[in-house]
Amino acid sequence: MLEIKNLHVKLEEEDKQILKGVNLTVEAGKVHAIMGPNGSGKSTLSYVLSGRDGYEVTEGSATLEGKNILDMDPEERAAAGLFLAFQYPVEIPGVGNMTFLRTAVNSQRKARGEEEMSSSEFLKVIRAKAKDLEIDAEMLKRPVNVGFSGGEKKRNEILQMAMLEPKMCILDETDSGLDVDAMKLVADGVNALRSEGRGFLVITHYQRLLDHIKPDVVHIMSEGRIIKTGGPELALEVENNGYADIKSEEA
Ligand code: ADP
Ligand code: MG
Ligand code: MG
């Protein structure tokens with residue numbers, strides 16, 4: 001589904017190399033987790049994949065179902081099936097949450113040559129999915145994320161993901177700032193979307209999210225590279241021993 005090869009990325013503004021040769025393949029139907037210390041480049045990886053400005057790819061490639069995504073505009077990547085749930089969801093004053101989602105869903109459908117969702121169908125679907133995530137109707141009418149609590153913002157990211165039904169879902173620390181109940185809701189939302197045709201890349205600081213979203217593969221990122229890959233037990237190792245052992249092992 002997603003294939004990243006030898007990806008090197010620097011900041012456009014400064015001569016600072018952030019990703020130093022990332023290799024990662026996420027198969028359809030699988031959940032891969034990335035853990036790693038703060039500042040190791042996890043968010044940068046998610047930004048570069050989704051097409052945020054300010055980064056320059058100096059070497060390597062990233063493909064989604066064999067298509068080079070690095071040359072695409074962000075909306076083309078989204079239409080191709082890529083989705084990023086932000087670590088820090090953005091507030092968009094003046095744009096209603098429901099309007100935003102309907103526009104996003106229908107513009108993606110259009111870009112794929114599919115029929116638009118009717119208003120009545122859209123309402124039916126969004127109400128059901130919002131209910132699962134305990135997002136009330138009033139929150140759907142408010143401007144995107146404006147005045148939402150941290151947990152509400154994160155649940156709203158999952159609602160977007162559920163509505164857009166992407167092929168490749170990247171979640172950047174969606175668990176940070178969530179209490180246990182909200183984290184369970186988010187995890188249930190993700191698990192409901194797990195399917196054979198869909199890949200997940202779950203970036204997290206904490207092992208506890210991975211108790212609820214069971215990953216197939218766990219990667220450890222440090223200083224712009226993946227330094228170790230293993231099964232779910234690797235997350236437990238990190239929880240118990242921190243990153244120091246893995247780093248010295250690698251060195
Ligand atoms: P993580 O998500 O793993 O905590 P980030 O990808 O946010 O790491 O950051 C990786 C490194 O790149 C950090 O040292 C961070 O300070 C730096 N960095 C990322 N984006 C910028 C930027 N726009 N300007 C300056 N430094 C940046
Ligand atoms: Mg960080
Ligand atoms: Mg980050």
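Author: Happy to. This is a predicted model, in which local features need pLDDT of at least 70, side-chain atom pairs count only at pLDDT 80 or more, and totals for chains, interfaces and linings use all residues. Residues are numbered from 1 along each chain as its sequence is written, chains are lettered from A and ligands numbered from 1 in the order in which they are written, and side-chain values use heavy atoms, with hydrogens and water left out.

Reader: Which element gives the most to the shell around ligand 1?

Author: Helices here are DSSP runs of H or I with at least four residues, strands are runs of E with at least two, and both are numbered from the N terminus. With 3 residues, the top contributor to the shell around ligand 1 is helix 1.

Reader: How many residues surround ligand 1?

Author: A residue counts as near a molecule if one of its heavy atoms lies within 4 Å of it. Gly39, Gly41, Lys42, Ser43 and Thr44 are the closest, and the number surrounding ligand 1 is 13.

Reader: How much of the accessible area of ligand 1 does the protein cover?

Author: Let's start with polar contacts to ligand 1, taken as pairs of N or O atoms within 3.5 Å. Polar side-chain atoms lie 3.4 Å from an oxygen atom of ligand 1 for Lys16 and 3.2 Å for Asn38, while a backbone N or O atom of Gly41 lies 3.1 Å from an oxygen atom of the ligand. Of the 560 Å² that ligand 1 has on its own (Shrake-Rupley method, 1.4 Å probe), the protein covers 64%.

Reader: Is Gly41 buried or exposed?

Author: Gly41 sits in the loop between strand 3 (31-35) and helix 1. Buried means under 20% relative accessible area, exposed over 50%, and partly exposed in between, using a 1.4 Å probe and protein chains only. Because its relative accessibility is 7%, Gly41 is buried.

Reader: Which residues coordinate the magnesium ion (ligand 3)?

Author: Donors are N, O and S atoms within 2.8 Å of the metal (3.2 Å for Na, K and Ca), and water is not among the atoms, so sites may look incomplete. At 2.1 to 2.4 Å, the coordinating atoms are OG and OE1, from Ser43 and Gln87 respectively.

Reader: How many residues apart are Ser43 and Gln87?

Author: Ser43 is buried at 17% relative accessible area, and Gln87 is buried at 10%. Ser43 belongs to helix 1 (residues 42-50), whereas Gln87 lies in the loop between strand 6 (82-85) and strand 7 (92-96), so the pair links distant parts of the chain, and the separation is 44 residues.

Definitions and conventions
Polar contact = N/O pair within 3.5 Å; in protein donor to acceptor, adjacent residues only side chain to side chain.
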